[in-house]
Amino acid sequence: SGFNSIGHMDTMSRGRHQIGHSKEGEEFIQNVFQVLSQIFTGKEKSNLAICWLQYEISKVIQCIQAKKKKKLKAQGRKSKKLAKNFLKAPDNRNNISLWKLYAYLEWLLGNTDDARKVFDTALCTAETGGLKSAQLCSLSLLYAQLEVELLESTEGAVMSRAVHILTKLTENGPYVPYSGQVLSVNVLKARKTYEHALQDYLSKTPVSDQDQVNDTDQLVNLVGCYALFQYLTVGIDAAVLIYTQASEKLEASDSQKCENTGENFGILNFPTALEAVTLLHTNLLRFHMKISVYPLNPLREALTEALKRYPSNQSLWRSYIHIQRKSHSASKARRFFDNVTRSSNSLEPWLFAIQAEQMRKKLTEKVQRADVGEIHCTIPETGLTNRIVALFEHAVQSENGTHCPLLWRMYLNFMV
């Protein structure tokens with residue numbers, strides 16, 4: 001089709017086939033990983049193993065999205081073998097991040113019980129640090145999030161495995177696997193512990209830059225665990241309140257830092273924490289809307305505020321497009337895209353604006369081609385085509401757009 005893809009160019013579709021990982025690109029990437037793993041030692045080698053496993057997981061996710069069962073089975077076998085080999089290495093046996101990725105991989109492949117065993121093993125063998133251990137918090141948060149996704153509704157969630165995981169995290173003792181019930185007194189104690197831990201973190205001033213990086217990571221995990229705990233034991237409003245408190249505090253400390261030092265000290269770290277907290281917030285709202293009746297406005301407002309601040313965050317844009325597809329009026333979304341593209345140099349707003357219009361075009365074409373006799377076409381299709389071409393034209397004229405191969409390929413693909 002005129003170009004070769006290294007790794008994957010999953011935005012393009014060739015006929016009915018999505019372009020996935022090409023053979024040459026895949027070989028190249030595998031060679032890079034293998035060469036590097038012979039050069040690196042110690043901490044670097046562990047970090048490389050984490051990157052490699054994340055890359056394998058991305059391929060598994062791609063197979064799931066493309067609904068290729070055969071390919072998924074083969075890919076799953078390869079990825080699991082790699083993960084097990086990593087964990088056999090003496091340096092990696094206590095590496096919580098690797099255990100976490102392996103458990104996540106098992107979960108994605110549909111082996112829920114095996115994944116739970118891996119999570120439980122990792123939690124049992126981990127050093128007890130409770131809420132003070134960033135890795136333990138991160139592991140517990142992922143485990144609880146995956147468990148929550150299995151819930152049909154929030155009724156009776158207080159007795160769920162997710163609450164057990166989040167409660168055990170606060171107890172600072174050795175982890176005990178879930179036995180089917182959670183004591184109310186433990187839930188009350190856990191809530192107090194979370195509350196105090198969050199207050200301590202929000203009032204703490206980091207000593208050095210490195211402390212600040214560690215603290216922000218830890219704060220994000222802590223906020224995520226506490227908000228999820230409140231969501232399951234109290235309700236959505238209690239969870240949103242925690243996200244709001246944390247965001248306000250992070251915003252305040254961010255602006256204060258700039259005033260005090262008169263330079264961008266720490267500005268690299270704090271917005272990343274704020275961005276991560278916002279992402280957790282919007283994802284929880286999306287999940288809650290899926291399993292119960294809840295107004296769309298809080299989510300839309302949270303997303304528009306976040307995207308003004310982080311115009312290059314792809315996950316936020318995906319959520320925004322997803323909720324906009326449900327509304328029949330395109331004008332609000334178009335105005336918003338217009339504002340963001342004017343005020344930021346990022347390329348993402350252009351790419352997602354184009355994607356949103358292409359989805360709309362697909363939808364109208366589907367309706368017009370439906371075999372139900374005479375159809376009165378309400379949205380003239382040519383208008384959308386012209387609009388998409390105009391968006392492409394503006395995008396390729398922007399500074400970043402001129403140098404973006406993906407954008408040019410999408411433009412050529414659309415014109416064909």
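A nonpolar core here is a set of buried Ala, Val, Leu, Ile, Met, Phe, Trp, Tyr and Cys residues joined through side-chain atoms within 4.5 Å, where buried means under 20% relative accessible area, exposed over 50%, and partly exposed in between (1.4 Å probe, protein chains only). Helices (H or I, at least four residues) and strands (E, at least two) are DSSP runs numbered from the N terminus.

This is a predicted model, so local features need pLDDT of at least 70 and side-chain atom pairs count only at pLDDT 80 or more, while totals for chains, interfaces and linings use all residues. Residues are numbered from 1 along each chain as its sequence is written, and side-chain values use heavy atoms, with hydrogens and water left out.

Now pick out Y231. Leaving aside residues up to four places away in sequence, Y231 touches T154, I236, A239, L284, F287, H288 and I291; contact means heavy atoms within 4.5 Å.

Stepping back, the chain has 18 helices and 2 strands. Of its 416 residues, 46% count as buried. Among contacts in the chain with a separation of 6 or more, 57% are between residues 24 or more positions apart.

And the outside? Look at I39, found in helix α1 (residues 23–39). I39 counts as exposed because its relative accessibility is 57%.
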